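Trainee: I am new to this structure and would be grateful for a guided introduction. May we proceed by question and answer?

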Amino acid sequence: MFLSESQAAFRTLRKAVPRVRLYFINKNAYSTQVEYKPIRSVLVANRGEIAIRVFRACTELGIKSVAVYSEQDKMHMHRQKADESYMVGKGLAPVEAYLNIPEIIRVCKENDIDAVHPGYGFLSERSDFAQAVIDAGLRFIGPSPKVVQNMGDKVAARIAAIEAGVPIVPGTDGPITSKEEALAFCQKHGLPVIFKAAYGGGGRGMRVVRKMEEVEENFERASSEAKAAFGNGAMFIEKFIERPRHIEVQLLGDKAGNVVHLYERDCSVQRRHQKVVEIAPAPRLPAETRDKMTEAAVRLAKHVGYENAGTVEFLCDESGNFYFIEVNARLQVEHTVTEEITGIDLVQSQIRIAEGMTLKELGLTQENVVPRGFAIQCRVTTEDPANDFQPNTGRLEVFRSGEGMGIRLDSASTYAGAIISPYYDSLLVKVISHASDLQSSASKMNRALREFRIRGVKTNIPFLLNVLENQKFLHGVLDTYFIDEHPQLFKFSTTQNRAQKLLNYLGEVLVNGPQTPLATTLKPSEVNPHVPQVPLDLSPEALEREKSGGAKVTEPPQGLRDIIVREGPQAFAKEVRSRKNLLLMDTTFRDAHQSLMATRVRTHDLLKISPYVAHKFNNLYSLENWGGATFDVALRFLHECPWERLEEMRKRIPNIPFQMLLRGANAVGYTSYPDNVVYKFCELAVQTGMDIFRVFDSLNYLPNLILGMEAAGKAGGVVEAAISYTGDVSDPKRTKYDLKYYTNLADELVKAGTHVLCIKDMAGLLKPESARLLITAIRDKHPDVPIHVHTHDTSGAGVASMLSCAQAGADVVDVAVDSMSGMTSQPSMGAVVASLQGTPLDTQLDLGDVSEYSAYWEQTRTLYGPFECTTTMRSGNADVYLNEIPGGQYTNLQFQAFSLGLGDMFEDVKKAYREANFVLGDIIKVTPSSKVVGDLAQFMVQNNLNGAQVVEKAEELSFPKSVIEYLQGYIGIPYGGFPEPFRTRVLKDMPRIEGRPGAEMAPLDFDKLKSELSESHVNVTDRDVVSAALYPQVTNEFLHYREQYGPVDKLDTRIFLSGPKVGEEFEVTLERGKTLSMKALAMAADLKPNGKREVFFELNGQLRSVHIPDKEAMKEIRIHPKADKTVKGEVGAPMPGDVIDVRVTIGDKVEKGQPLVVLSAMKMEMVVQAPQSGVVKKVEVKKGMKLDGDDLILIIE
């Protein structure tokens, strides 16, 4: 530390000041001779913020400051803040180092130290330390050893209080050391009682006991904590006063026997007997009580011969009676609030008094001590209030403090990169506010705490903010039950911490590679797709309309959705049927990219083009953008919420109806669910922005279809019942699915109340002639029902087929924008638009707009190179008429074949698909039935089997799970029944389902599911619950991922998939008006001992770094396993610390809540309890081990 010239001069002057002797006669324990002797150097026998607080006072007085530090603290800030620093306790435990009296004295003598300041905690209340300092010819900045001993001895302090006429609470006559003595006292005097450490304070070793059966366990834990903190586990017991206020009086005494009080502090806001928030002066304390209390404190101090700074603590009941608790013969953590209201520097006063100056010489007569305003101190600790205030350790990745007028900060390790150790107290920074009244002071504190940004460790700031906003607190209505009686203090808004989470994600990608599986070796392009400009109508008429409360100039023109919103589904259907031109549904937002790019297109890219679509394509029938495979792929691979996708698209496209794919009774899953799950899903979908439900069943199984229709209709959606098409109605040899089959099914669906009838040609099998025959037959039977045709262009005949449908009477056909059309996707939008221009069926879309729209997707598509179907499929292929593979499945099947090592045999897979279809009974093929056929086909190729062999060897083969469940009836009953004898041979005696699978399923308890999710996740929404009802494991993993890595959906696609390049600058817009500027700087070449690699970034111009486990490198390093949070039976360490007791062994039966292991960290002990009942399968820890947070302790089955 460097001194200014004036400070250096003052130091020189101090050396030259002669010693002055002052003589006083005093009948108490004070010296009759007071010698003034300047102090030139002070060693602080402490660490952290209190050490720095004393150093600062020394510097202001021109005194050299000296620090001591443990091995573990060699990088700690207090060492750097001192003029000199010396290590003590090498080889000792972290706390033991600061308790090593001989070594501290040695440092003092070897380095010409004049005085020692003990700070608080550690040796500050050890009389043997004070005596050792004096015996070494040094000055102890504090009370005399005798006073420290007497006031540290709870019994002696009580006796002194009685002698001084100060009220006391009944308690033991002396310290006790055994649980038997504790039990005897409690049996004699009754409960409740409080255990307190006999040789230390600060809440360590303190326990309140209200049940006799808890006495022995609590005594052992309290005594163990006291011994760890103070070196002595002796306890003091006294009766516990209900509903007290905890008020303490600050004193200063000099060597001449003068004592003044600096008024009182209210420390009632405390938890586990540790102070959390302190206020000076105590609000709402009657003046009469204040005067009596301060007078009693001064009287006691004079009686015992107290000198220097100290505190007398009282309990004050509701009637104004107060009782002596103890004397803290040292500086208190909360001395700061007294300094703020009195303007008196207590630490400087301590030093001056130790030099021999009197209070009068310091100007500290009682009449001169005048309190002004109110001060509040909040102790910001690295504890997690949402997890029972468990200590949290680690690296401060980000630290930004709150400052400004009326705010003071006392801290030590508060900078980015600092390591929060598990070895010491969890205090991070003391924040002190000062204002004219309590409410103003609380407001300043509130504002300052909200300015803090602390990342890397959890803090109690959310809890402190709740305290500061509590009305009782703001009005000073406080007692020690304040926290216990206000459970709302523990309801927190989760800190988003989005920027740091994103850095962790990017670091993960850079160190360990892509976080979503990439299907090919192609890389995402570096293009930044051009987004066409959205037109604004700035005409005088439009501006006037906006001014008068009409549509804003930024709003898109009205579309068909306005009819749904205003008049409902039936009016919408009527309007569609009345249109003479052909309407189009655009599948670009869903089925097109499902078919071409394995459903991997992200919300980020969909939202960019959404405003343009809303303005230019307002006359679309609908935009297909949700449901089907997009739901689970979003959760599973893209790590984004499908509900948020729907919601955000609706904000940008308010005018075009949205259409989704609903798999009947399977909702958007691959199996059957309880009926109420399907109903709840549809209800929530409509609330989030869905309009049209294209309801289908993978087997055209009518009961499943009708269940989906009823659920969509009840939710208020447009019901578009779909007939899944297969076969060929123009081929007289294909008799199973003939024209009559389809018209009969159409009759049933119309009868069931569908608003729109859909032909779902999922494989693109509908040839132009078949289309004419089918649509004509249905139109003739149902002239008033709108007909919508969906197809795929796998064969290349899609445009011709859709034009044939339109000419035969279809109202709507599906297309995809040109650059996203063709092959397994839908027919080209531009081709259909151009083909019908100038005809009665003209789509009324502008070909130029289609071209701009297509240009965006042509560029965007290159970002998804790793999933590009053209890697393996160069063009359409008419062999689809043979294998009948659905377009949405084709590319997925191809990628699966590659992953199974069958990439070179895909032609065989396609042929096997056709055979598998007939083995299964020539079924309708669409998810999930198409998956059954695909799984069987790949099984056949892998095992070199043909269809006949599969049927022949069915009894001895191990079939894919999907095949077995299909044959059991889990997805419904196929038209014509199950294939025999194949079914019987496969199933043998396995159970079979008759009828609709979901009909017999019990309703799902959504409240119970939400409760279960909330045990593992924060802020669980109804959307999360419905997602979990459909995809339990996938949703659970997604929620964990989002909590760990944040809104990864906001990253640009290339950055998301493969990470940024070193040196690359990029932006991430989190929400409107909030954009992060990021830059990837470097990745460390060397590996940390724990297997982590440091990755450096620049965030908004500031250096940030994250530590990422290198998964490949860690295979060669022995690292303690982490508990998997998704597995309930894996018990992880709730906090870093030492294992001090293991109470179970492998094979033990345990009950939920049973103690398993005892951990110790930050001088606090914690019992880890069983999260569930079961048997201990594995124990990963033993006594004496050091654990990090989330380290695996044991596994319960």
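Mentor: Let us begin with Phe-122, which is placed in the loop between strand S6 (115-117) and helix H6 (127-135). Please bear in mind throughout that the model is a predicted one.

Trainee: Is Phe-122 buried or exposed?

Mentor: The phi of Phe-122 is near 50°, a positive value in a residue other than glycine. Its relative accessibility is 10%, and the cut-off for a buried residue is under 20%. Phe-122 therefore counts as buried.

Trainee: Which other residue, Asn-497, shows what phi, and where is it found?

Mentor: Asn-497 is found in the loop between helix H16 (471-474) and helix H17 (498-512). Asn-497 is a residue other than glycine, yet its phi is positive, with a value near 50°.

Trainee: What is the omega of the peptide bond from Leu-191 to Pro-192?

Mentor: Pro-192 has its place in the loop between helix H9 (179-189) and strand S8 (193-197). The peptide bond that leads from Leu-191 to Pro-192 is cis, and its omega is near 5°.

Trainee: What is the omega of the bond from Ala-280 to Pro-281?

Mentor: Pro-281 lies in the loop between strand S13 (274-280) and helix H11 (287-304). The peptide bond from Ala-280 to Pro-281 is cis, with an omega near -10°.

Trainee: How many Å separate Thr-414 and Lys-580 in space?

Mentor: Thr-414 is found in the loop between strand S21 (407-411) and strand S22 (419-420), and at 16% relative accessibility it counts as buried. In sequence, Thr-414 and Lys-580 are 166 residues apart. From C-alpha to C-alpha, their separation in space is 71 Å.

Trainee: At what angle do the axes of helices H14 and H15 cross, and is the arrangement roughly parallel or roughly antiparallel?

Mentor: The axes of H14 (residues 438-451) and H15 (residues 461-468) come within 10 Å and cross at roughly 155°. H14 passes H15 in a left-handed crossing. Angles over 145 degrees count as roughly antiparallel. The crossing angle therefore makes H14, relative to H15, roughly antiparallel.

Trainee: Within what arc do the buried residues of helix H25 fall?

Mentor: Helix H25 (residues 675-688) has 14 residues and reaches 20 Å from its first C-alpha to its last, close to the 20 Å expected. Its buried residues include Val-677, Phe-681, Leu-684 and Thr-688. Seen down the axis of H25, the buried residues line one face of the helix, because they fall within an arc of 170°.

Trainee: How many bridges join strand S35 to strand S36?

Mentor: Strand S35 (residues 1092-1099) is joined to strand S34 (residues 1074-1083) by five bridges, and these two run antiparallel. Ala-1082 has Phe-1096 of S35 as its bridge partner, while Val-1095 has Val-1106 of S36. S35 and S36 (residues 1102-1109) also run antiparallel, and the bridges that join them number eight.

Trainee: Which strands stand at the edges of the open sheet formed by four strands?

Mentor: The order in this sheet is S37-S44-S42-S39, with antiparallel pairing. One side of each edge strand is left without a neighbour in the sheet, because each has a single partner strand; the edge strands are S37 (1130-1132) and S39 (1149-1150).

Trainee: In S44, which residue is the bridge partner of Val-1131?

Mentor: S37 and S44 (residues 1192-1196) run antiparallel and are joined by three bridges. In S44, the partner of Val-1131 is Leu-1194.

Conventions: Residues numbered from 1 in each chain as written. Predicted model: local features only at pLDDT ≥ 70, side-chain atom pairs only at ≥ 80, totals over all residues. Heavy atoms only, no water. Pairing = 2+ DSSP bridges. Expected span 1.5 Å × (residues − 1). Buried < 20%, exposed > 50% of the residue type's maximum accessible area, 1.4 Å probe, protein only. Arc of directions from axis to C-beta. Axes fitted to C-alpha atoms, helices over the stretch in contact; angles between N-to-C directions. Parallel < 35°, antiparallel > 145°, perpendicular 65-115°, else oblique. Left-handed = near helix turned anticlockwise from the far one by under 90°.
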